[in-house]
Amino acid sequence: MNFFKNAINEYIGINSDLFLSISHKIHETPELGNKEFFASDLLCGILENEKFTIERKIAGHDTAFIAKKKSNKEGPSIVFLAEYDALPGLGHACGHNIIGTCSVAAAIALSKVIDEVGGTIYVYGTPAEEGGENGSAKGSFVKHNLFQGIDAALMIHPSNDNSLSSESLAVDPIDFEFIGKPAHAAACPEEGINALDALILFFNGINALRQHVTRDVRIHGIITHGGDMPNIIPEYTKARFYIRAATREGRDEVTKKIKAIAEGSAIATGCKWNAIAFQNPVDNFIVNKEFDLLFKEQAEEAGIFIDHKIKTSFGSTDAGNVSHVVPTLHAYIKIGPSSLIGHTKEFCEAAKSQEADEALIKAAKSLAYTAYTLLTDKDRLLKIKETHNNSK
């Protein structure tokens with residue numbers, strides 16, 4: 001380990017209690033997407049104390065931020081991605097308390113050598129990764145061209161194993177609403193236009209579509225409004241859907257078909273209909289094998305053994321949007337047994353466990369070592385960028 005990486009290692013080790021306390025405080029104060037005021041303020045506060053400049057309320061998100069520390073020497077620009085939102089009813093059952101803290105710890109540790117090394121360090125605080133109203137803030141960051149001039153982005157996510165970046169599914173999060181006409185359901189039903197009939201036809205149409213889509217497609221939705229009273233012909237109904245596919249092109253094709261089903265359901269019942277995107281669409285994640293290889297080397301130096309098993313099931317992450325515009329690392333760190341499943345009470349407990357604490361410190365070192373290499377090894381960074389350009 002060279003002098004600078006040793007300095008990074010020592011800084012994170014000496015300040016491990018501070019970083020673990022931040023992770024625990026965020027875990028104890030779970031906040032939903034775009035309402036993470038406590039977590040955002042806490043992370044910004046420690047970054048400000050370390051002389052990072054802070055911009056808040058980024059890209060239409062009140063709890064988003066950009067922290068920056070620039071060397072007097074020219075060099076690459078590296079972004080650490082920070083998430084800190086929780087899940088409804090489950091708290092930090094995806095471990096975002098670890099993600100935000102880990103990225104901040106790595107950025108601060110790297111900042112201790114940035115003047116000698118050169119370049120610029122950023123932390124992008126990106127709310128609402130779990131979605132919801134105006135969710136998936138990384139998509140907003142991409143739309144606002146906030147990755148222009150950035151050379152690479154990286155983060156690490158808690159999991160049931162130590163693994164490299166994996167593919168993820170693209171998602172269209174869409175509300176479908178149907179508007180009919182109310183009437184007394186017993187006295188004069190013929191005067192009404194039944195929006196619930198349209199919604200039921202819509203669900204049935206989607207079920208018929210399922211046998212005609214590729215195996216990567218996932219279509220899942222709920223009824224958020226099905227009417228008001230049984231004796232009133234439903235005037236208004238609404239459903240919320242996630243439409244997923246392996247690529248954003250495939251997702252767009254499926255979404256087109258589902259919108260056609262909505263239109264047909266409306267025509268069949270005499271209703272009007274609308275499709276409303278309630279958050280940013282999420283793109284599939286583009287794996288950069290050269291970036292993963294670099295991280296594997298640095299993770300092993302920090303004491304993390306990478307599990308090489310191939311993932312067979314995939315969720316979605318708005319880090320996918322970032323991966324389409326800059327080389328992106330989205331690795332995983334083990335915080336519990338291999339049976340651990342995300343978005344459960346057990347995962348929430350694991351996210352504040354001793355194993356999670358130890359993983360956070362190793363993960364922060366791994367991210368900082370990886371970013372240090374990006375700043376100092378021009379050939380390695382060029383190879384990663386060429387891999388990115390060839391994979392789009």
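On a 1 Å grid over the protein atoms alone, a pocket is taken to be an open set of points with protein on both sides within 12 Å along at least five of seven lines, and its lining residues are those with an atom within 4 Å of a point. The structure examined here is a predicted model, in which local features need pLDDT of at least 70 and side-chain atom pairs count only at pLDDT 80 or more, whereas totals for chains, interfaces and linings use all residues. Residues are numbered from 1 along each chain as its sequence is written, and side-chain values use heavy atoms, with hydrogens and water left out.

The largest pocket is lined by 46 residues, of which C94, H157, G315, S316 and H343 lie nearest its centre. Strand 5 gives the most to this lining, with three residues (strands being DSSP runs of E of at least two residues, and helices runs of H or I of at least four, numbered from the N terminus).

Six strands form an open sheet of mixed pairing in the order 1-2-4-3-5-10, where two strands pair if DSSP finds at least two bridges between them. Its edges are strand 1 (53–58) and strand 10 (328–334), each of which pairs on one side only. Within the sheet, strand 3 (residues 77–82) and strand 4 (residues 120–125) run parallel and are joined by six bridges, with F80 standing opposite V123 in strand 4.

Helix 4 (residues 96–111) lies across strand 2 (61–70), strand 3, strand 4 and strand 5 (152–159), and runs at about 135 degrees to strand 5; such angles run from 0 to 180 degrees between N-to-C directions, with axes fitted to C-alpha atoms, for helices over the stretch in contact, and contact means heavy atoms within 4.5 Å.

Technical notes
1 Å grid on protein atoms, 1.4 Å probe; cavity = no way out; pocket = protein on both sides within 12 Å on 5 of 7 lines; lining within 4 Å.
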